[in-house]
Amino acid sequence: MANEDQFKKVISHAKEYGYVFQSSEIYDGLSAVYDYAQNGAELKKNIRDYWWKAMVQMNENIVGIDAAIFMHPTTWKASGHVDAFSDPLIDNKDSKKRYRADVLVEDYCAKIENKIEKEVKKAAKRFGDAFNKEEFVSTNGRVLGYQEKIDSILKRLGQSLEKEDLADVKALIEELEIADPLSGSRNWTEVKQFNLMFGTKLGASAESAMDLYLRPETAQGIFVNFLNVQKTGRMKIPFGIAQTGKAFRNEIVARQFIFRMREFEQMEMQFFIKPGTQKEWFEHWKDARLKWHKSLGMGDENYRFHDHEKLAHYADAATDIEFKFPFGFKELEGIHSRTDFDLKQHEEFSGKKLQYFDHEDNASYIPYVLETSIGLDRMFLAVFSNSLEDETLDDGSVRTVLKLPAVLAPTKAAVLPLIKRDGLPEIAREIIEDLKWDFNVIYDEKDAVGRRYRRQDAAGTPFCITVDHDTLNDNTVTIRHRDTMEQQRVKIEDLRAIIKKEVDVKHWLMKMK
Ligand code: ATP
């Protein structure tokens with residue numbers, strides 16, 4: 001399936017199976033704002049829990065907080081967001097459409113990357129089993145040429161953005177002859193900076209109202225609470241503070257479904273360390289976070305690191321974990337070495353000391369910070385799009401199956417009476433009454449059992465449990481596995497253990513070891 005078709009399928013499947021709806025759809029929706037539906041809310045919660053367990057519960061020296069979305073407006077002066085949280089935008093004079101200038105250039109590079117992939121596919125076909133991808137991409141002249149081109153374009157883009165040389169970003173767009181993807185026009189305006197924060201007001205009367213921002217990241221709620229947590233939790237460096245919560249950005253280019261939203265959720269962890277140890281901890285968290293992703297079994301080849309050329313004003317090193325979405329490799333998580341920038345700024349703007357007294361060194365210092373920051377919605381899209389498959393079966397028929405990692409699946413099992421009489425529904429209900437203490441389970445008696453299996457496959461339910469006439473005699477049921485479609489006859493009393501084995505968080509997180 002072409003990538004674009006696959007992506008369309010992801011979006012329509014997410015709606016059809018109750019995962020994601022457009023916000024306020026009856027009013028024709030709101031651009032780049034989405035609602036999570038009955039299954040989506042469960043999947044999202046399970047991803048959040050999977051992250052929280054790995055970060056907070058599994059690490060003695062990491063604690064979690066839940067700071068407010070509203071923060072004192074000086075926070076955003078101190079953090080640099082008022083002055084520098086902007087994207088370079090460019091308008092097309094003919095189509096009147098607005099784009100992020102850096103994204104136009106990056107999309108251009110993604111097209112070159114597609115060419116590399118095509119070369120790789122061709123060569124893989126030609127060489128068959130003897131094909132060595134790494135060797136091919138590091139020696140093939142054409143591939144090397146493409147890669148060199150990508151590298152030099154991205155380097156120049158990074159440098160121009162770093163220097164705030166917006167005229168050069170425009171020059172680059174012109175030199176590459178990048179056209180408006182919608183209209184094909186190359187009639188561009190100058191590149192300008194555009195602040196991404198949403199403003200609002202606190203207070204009733206016009207005179208006393210205070211200008212506020214909706215937080216554009218959750219991190220600052222952690223920084224301003226650094227000393228409170230350190231003191232009340234008696235935390236010793238190195239230690240981390242984790243948080244999940246909503247963030248808001250007035251994104252200019254808001255397409256690609258839940259990949260880029262105006263209201264989204266982040267899962268962030270700030271790790272406070274001794275100055276000078278940041279390189280070590282940067283490597284540590286790169287490794288740990290990649291392991292977390294890989295533990296979900298979504299294909300090791302679908303992840304890669306992308307080190308930043310252009311560093312944000314607060315960082316001394318930064319990398320993205322990129323995931324292969326249906327529209328190509330894109331940022332899923334950022335890992336940033338933020339130095340002491342944030343705490344220093346908050347010290348200066350608040351006039352309060354934000355230092356740590358190190359008993360071993362008998363000295364006070366402002367800790368350095370290592371940040372891991374992942375978008376929950378982007379992770380949702382990664383999991384959902386990677387799991388959706390049209391699988392051709394041995395008999396030639398095609399089934400649509402959502403192979404969600406069982407630990408994340410919204411519903412763990414569907415219990416199905418073979419028919420609606422002879423006491424079978426009652427036994428199915430009893431099974432549900434028992435299992436629901438541990439798992440989300442549902443009852444389904446409508447349609448032939450084959451159709452019910454297909455429906456659960458498409459909804460992502462890892463197990464179907466069927467109650468039939470034999471159950472009446474021997475207390476056994478059939479349990480069917482979503483991915484293999486394998487069916488087993490098992491005792492009702494063994495169901496809990498069979499399901500637990502596959503959906504248990506421990507079973508999955510142990511893979512990080
Ligand atoms: P991008 O370059 O894609 O705009 P970013 O570098 O600005 O992302 P960060 O500020 O590092 O992103 O935010 C950390 C994480 O938050 C990102 O890796 C991403 O997963 C998520 N994120 C950021 N912006 C959005 C958004 N508009 N919608 C959904 N998730 C987002």
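The side chain of histidine 346 makes a polar contact with the side chain of glutamine 220 at 2.7 Å (a polar contact is a pair of N or O atoms within 3.5 Å; within protein, one must be able to donate a hydrogen and the other to accept it, and residues adjacent in sequence count only if both atoms are side-chain atoms). The model is predicted, with local features requiring pLDDT of at least 70, side-chain atom pairs counting only at pLDDT 80 or more, and totals for chains, interfaces and linings using all residues. Residues are numbered from 1 along each chain as its sequence is written, and side-chain values use heavy atoms, with hydrogens and water left out. Histidine 346 lies in helix α12, residues 341-350 (helices, H or I of at least four residues, and strands, E of at least two, are DSSP runs numbered from the N terminus). Histidine 346 counts as buried because its relative accessibility is 7% (buried means under 20% relative accessible area, exposed over 50%, partly exposed in between, with a 1.4 Å probe and protein chains only).

The ligand is surrounded by 16 residues, of which Glu251, Arg260, Met261, Glu331 and Leu332 are the closest (a residue is near a molecule if one of its heavy atoms lies within 4 Å of it). Strands β10 (263-273), β13 (328-339) and β16 (368-375) each supply at least two residues of this shell, and β13 gives the most, with 5 residues. A nitrogen atom of the ligand is 2.8 Å from a side-chain N or O atom of glutamate 251. Ligand oxygen atoms lie 3.0 Å from a polar side-chain atom of arginine 249 and 2.9 Å from a backbone N or O atom of glycine 375. Of the 590 Å² of accessible area that the ligand has on its own, the protein covers 86% (Shrake-Rupley method, 1.4 Å probe; for residues, only the protein chains shown count as cover).

The count of salt bridges comes to 46 (a side-chain nitrogen of Lys or Arg within 4 Å of a carboxyl oxygen of Asp or Glu). Glutamate 113 and arginine 304 form one through their side chains, at 3.1 Å from N to O. This pair links distant parts of the chain, with glutamate 113 in helix α5 (residues 101-127) and arginine 304 in strand β11 (residues 303-307), 191 residues apart. Aspartate 342 forms a salt bridge with arginine 338, with the closest N and O atoms 3.0 Å apart; both aspartate 342 and arginine 338 are buried.
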